[in-house]
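Please read them with the structure open beside you.

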Amino acid sequence: MLNVHDILETIRMIQDECLDIRTITMGISLLDCIDSDIDKACDKIYDKITTCAKDLVKVGEDIEKEFGVPIINKRLSVTPIAMVSAACKESPVKFALTMEKAAKAVGVNLIGGYSALVQNGFAAGDERLINSIPEALASTSCVCSSVNIGSTKSGINLDAVKLMGGIVRECAEKTIDNQCFGAAKLVVFCNSVDDNPFMAGAYHGVGERDCMINVGVSGPGVVRSALSKYPDADITQISDIIKKTAYKITRVGQLVGTEASKRLGVPFGIVDLSLAPTPAVGDSVAHILEEIGLESCGCCGTTAALALLNDAVKKGGVMACSKVGGLSGAFIPVSEDAGMIDAAVCGSLKIEKLEAMTAVCSVGLDMIVIPGDTTAEVISAIIADEAAIGMVNNKTTAVRVIPAIGMKEGEFLDWGGLFGKGPVMSVNKYSPAKFINRGGQIPAPLHSLKN
Amino acid sequence: MRAVITVVGKDTVGILAKVSGICAEFNANVTEVTQSVLQDMFAMIMLVDISKLDKSFAELVDRMTALGDSMGLKINTMHEEIFNTMHTV
């Protein structure tokens with residue numbers, strides 16, 4: 001039964017507190033497009049994407065209008081291109097151009113899946129794809145790429161880690177005229193997931209259905225506003241308030257996903273229980289942590305507060321929807337969060353603290369601008385550290401750092417829009433080169449004898 | 001199937017008449033209205049049956065938004081399902 005209080009609360013959440021659906025992402029399998037003739041394969045891919053997703057944007061906009069809730073992004077994810085392109089001998093960049101053309105044709109803003117999964121070693125096509133990532137990202141605007149270099153079951157492929165340090169740098173170097181934007185579209189994962197609706201790390205896993213709809217929710221502003229009404233609540237009550245708020249946010253995701261799936265005639269995959277910030281005022285995860293009682297995000301206590309927030313979001317969200325998946329947790333991308341940017345600028349938030357924070361939340365060192373003179377080995381070692389946290393703790397972790405070529409600490413890279421802007425943050429300069437250059441595989445960790 | 005129409009803004013002559021006029025034009029039956037005027041602020045929540053609409057719901061949303069803009073009011077027209085989903089287990 002509707003009542004005035006509930007109606008006004010929903011409207012306030014949407015209009016004043018930035019409640020929105022962050023993304024409806026359609027996952028499309030390209031396994032039936034594989035062909036040793038690259039032109040034939042690309043034609044099939046273009047046809048399949050533009051057929052499956054032809055109504056995605058329109059349906060998203062219709063739902064947005066009828067339910068009055070903004071749906072910020074409509075996106076696509078496809079089968080990792082390393083598999084699709086393995087049979088072709090030519091450079092896979094053509095696949096990226098095809099993805100771009102198809103994405104533009106259907107009107108989505110990003111398409112993910114220029115990806116390779118190499119946690120156990122390189123299969124046919126994997127190295128060729130990875131080496132083509134800088135060119136692919138520099139010659140397209142909406143194609144996103146990811147590489148999975150480790151997992152709890154396989155350990156960490158240190159050869160791939162070594163390779164990716166150089167690739168990240170090259171992505172930034174090739175797009176130096178565009179604020180090094182190439183590196184912002186590349187994520188290096190440990191324990192990547194098949195049904196992630198969020199970019200830049202989305203791809204459509206091979207175990208998934210042919211086509212499906214996944215939804216990512218948002219709403220840091222709503223959580224912060226709910227907490228601000230209880231300035232003297234103890235921490236157990238704080239957790240309960242977050243749970244209740246997360247439930248409401250996630251219900252909207254479930255509704256939108258169900259409705260989109262029905263209208264598109266495509267099965268509904270999962271809701272990603274996430275708190276995804278934007279650079280807009282009032283849409284910051286850092287500000288939630290500060291509302292809980294930290295003077296500035298990054299100070300001592302940040303990891304504990306974030307652990308509580310992340311757990312409460314999941315507990316509240318799980319009951320709100322029928323299938324949960326993706327990355328599910330609070331995101332802490334620095335450049336996409338007004339509070340994180342401020343904390344980084346004032347010196348309260350450092351990379352080492354961010355690394356600790358990634359052990360208790362989703363997803364990893366995300367959208368962090370590092371000095372332009374950071375070597376490939378140091379980037380590889382950042383990736384290795386982050387992957388180790390994911391591998392040992394049985395969770396997804398990732399690295400998306402952007403080397404600001406030619407810039408030093410204190411300067412900014414500014415992309416505008418959802419990607420935001422980030423200050424160059426300092427990185428430990430001592431060399432891990434010998435460790436990284438050893439190559440090989442870090443063995444999978446033991447998961448018994450837990451003391 | 002119902003929709004919730006909320007209207008907030010400075011009170012003036014004919015708000016209720018114009019909103020319900022558009023409802024009638026779209027064949028949307030008004031089932032419940034709660035309204036208050038505090039000093040010179042007007043606030044109304046209206047429940048309308050949209051199962052027999054003779055045009056699309058999206059058009060109704062657009063018309064109401066346009067009416068709000070022309071009268072300096074904030075008019076939201078939303079499907080009731082979002083409220084039911086969000087506030088009930």
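1. In chain A, strand β13 (residues 412-416) and strand β14 (residues 420-423) run antiparallel and pair over four bridges, where pairing requires that DSSP find at least two bridges between the two strands. Leu413(A) has Gly422(A) of β14(A) opposite, and in this hairpin, with three residues between the strands, Gly417(A) adopts a positive phi near 60 degrees. Strands here are DSSP runs of E with at least two residues and helices are runs of H or I with at least four residues, both numbered from the N terminus.

2. This is a predicted model, in which local features need pLDDT of at least 70 and side-chain atom pairs count only at pLDDT 80 or more, whereas totals for chains, interfaces and linings use all residues. Residues are numbered from 1 along each chain as its sequence is written, and chains are lettered from A and ligands numbered from 1 in the order in which they are written.

3. Gln35(B) has Met44(B) as its bridge partner in β3(B), and Gln39(B), in a hairpin with two residues between the strands, takes a positive phi near 50 degrees. Strand β2 (residues 29-38) of chain B is hardly covered, since the count of buried residues among its ten residues is zero; a residue is called buried if 20 or more other C-beta atoms, placed from the backbone, lie within 10 Å of its own, exposed if 12 or fewer do, and partly exposed in between.

4. One leads from Met199(A) to Ala200(A), with omega near 10 degrees, and Ala200(A) belongs to the loop between β6 (186-190) and β7 (211-217). Another leads from Ser362(A) to Val363(A), with omega near 5 degrees, and Val363(A) sits in the loop between α13 (351-358) and β11 (364-371).

5. Which phi values are positive in a residue other than glycine? Cys18(A) has phi near 65 degrees and is found in the loop between α1 and β1 (21-28) of chain A, while Cys180(A) has phi near 55 degrees and lies in the loop between α7 (158-174) and β6 of chain A. Cys18(A) is buried, with 23 other C-beta atoms within 10 Å, and Cys180(A) also counts as buried, with 24 C-beta neighbours inside 10 Å.

6. Turning to the contact between the chains, chain A contributes 17 residues and chain B contributes 17 residues, with two residues taken to be in contact if their C-beta atoms, placed from the backbone, lie within 7 Å. On the side of chain A that touches chain B, α1 (4-15), α3 (56-67) and α9 (235-264) each supply at least two residues. That side divides into eight nonpolar, three polar and six charged residues, where Ala, Val, Leu, Ile, Met, Phe, Trp, Tyr, Cys and Pro count as nonpolar, Asp, Glu, Lys and Arg as charged, and the others, Gly among them, as polar.

7. As for the overall fold, chain A holds 15 helices and 15 strands. Its radius of gyration is 21 Å, close to the 22 Å that the globule rule gives for 451 residues, so chain A is as compact as a globular protein of that length; the radius is taken over C-alpha atoms and the rule is 2.2 Å times the number of residues to the power 0.38. Buried residues make up 60% of the 451 residues in chain A.
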